[in-house]
Amino acid sequence: MNQSEFLNTIKPFKDKLFRLAKRLLVSNEEAEDATQDVLIKLWNKNDALKEYGSVEAYAMTITKNHCLDVLKSKRATNLKIVHNNYTEQSAELHKKIEDQDSLNWVEKWINDLPEQQKLVIQMRDIEEYEFEKIAEVLGMNETAVRVALSRARKAIREKMINTHNYGLQ
C-alpha cells in the first residue's frame, strides 16, 4: 500500500481515533501523541492492513490498548481535565454557565465509570458506533455491550438527578 492509499484508508476515521484517545487520556497533548503513535503503528503494518475486515475497528482497538498502556505508565499521573467546547452559542450567559457546569459534571462522571463502561459510552454515544462494531473492537458480545451501556447511562443519570435535585455532588 503506498502513501496515498494509506492516507485515503485512514483519513475517514482519524478524528475518531483522537476522540477515543482524548476520552481515555483526557489531555489533548497526550491524545495527540497517542493518535500519532497509533498512526505510526498502522503505517508500519500498512501491507498487512488489507487482511483485516475492518481497518477502522483494528485501529480503534490499537488506540484503546495504547491509551490503556499510557494510563498504566507513570506519566499519566499529571493529566488535567480541559473540556470547554460544548456550549450553545445563542444561550444567555447564565444558561451557558449552567450548561458548561453540567457538561463538566457529566465529563467527570464518565471518567469515574469503570473502564469498560467508559469505553462503551464513548464509542456508542459520542462516536455513534453500532453495537456490533463496539463488540468487535472491545472483544465483547453485543449483549454485554448493551448491558454496560445501560449501566453507564443509569449511573450518570442518577448522579445528574441527585446533583440537580439537591445541589450536592
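A residue is called buried when its relative accessible area is under 20%, exposed when that area is over 50%, and partly exposed in between (1.4 Å probe, protein chains only). The structure is a predicted model, in which local features need pLDDT of at least 70, side-chain atom pairs count only at pLDDT 80 or more, and totals for chains, interfaces and linings use all residues. Residues are numbered from 1 along each chain as its sequence is written, and side-chain values use heavy atoms, with hydrogens and water left out.

View 1. His66 belongs to helix α4; helices (H or I, at least four residues) and strands (E, at least two) are DSSP runs, numbered from the N terminus. With a relative accessible area of 11%, His66 is buried. Its side chain makes a polar contact of 3.2 Å with the side chain of Asp37, and another polar contact, of 3.5 Å, joins the side chains of His66 and Lys41. A polar contact is a pair of N or O atoms within 3.5 Å; within protein, one must be able to donate a hydrogen and the other to accept it, and residues adjacent in sequence count only if both atoms are side-chain atoms. Apart from neighbours within four places in sequence, His66 is in contact (heavy atoms within 4.5 Å) with Ala34, Asp37, Val38 and Lys41.

View 2. Helix α4 comprises 18 residues, 55-72, and reaches 26 Å from its first C-alpha to its last. This is close to the 26 Å expected at 1.5 Å a residue, where the expected span is 1.5 Å times one less than the number of residues. Among the buried residues of α4 are Val55, Tyr58, Met60, Ile62, Cys67 and Val70. The buried residues of α4 pack against α1 (3-10), α2 (14-25), α3 (28-44), α6 (115-126) and α7 (131-138).

**View 3. The aromatic pair of Phe6 and Trp43.** Rings of Phe, Tyr and Trp (its six-membered ring) pair if their centres lie within 6.5 Å; planes under 30 degrees apart count as stacked, over 60 as edge-to-face and the rest as tilted. By this rule there are three aromatic pairs. In one of them, the ring centres of Phe6 and Trp43 are 5.0 Å apart and the planes stand at 75°, so the pair is edge-to-face. Because Phe6 lies in helix α1 and Trp43 in helix α3, the pair ties together parts that are 37 residues apart in sequence. Phe6 is buried, at 7% relative accessibility, whereas Trp43 is partly exposed, with a relative accessible area of 37%.

**View 4. Two loop residues with positive phi.** Most residues other than glycine have a negative phi. Val26, in the loop between α2 and α3, has a positive phi of about 70° although it is not a glycine. Glu128, in the loop between α6 and α7, likewise is not a glycine and has a positive phi of about 60°. Val26 counts as buried at 13% relative accessibility, while Glu128 counts as exposed at 62%.

**View 5. Confidence along the chain.** The chain has eight helices and zero strands, and its average pLDDT (the predictor's confidence in each residue, from 0 to 100) is 82. Residues scoring at least 70 make up 86%. Over residues 79-84 pLDDT stays under 50, and the model has 16 contacts beyond four places in sequence for this stretch.
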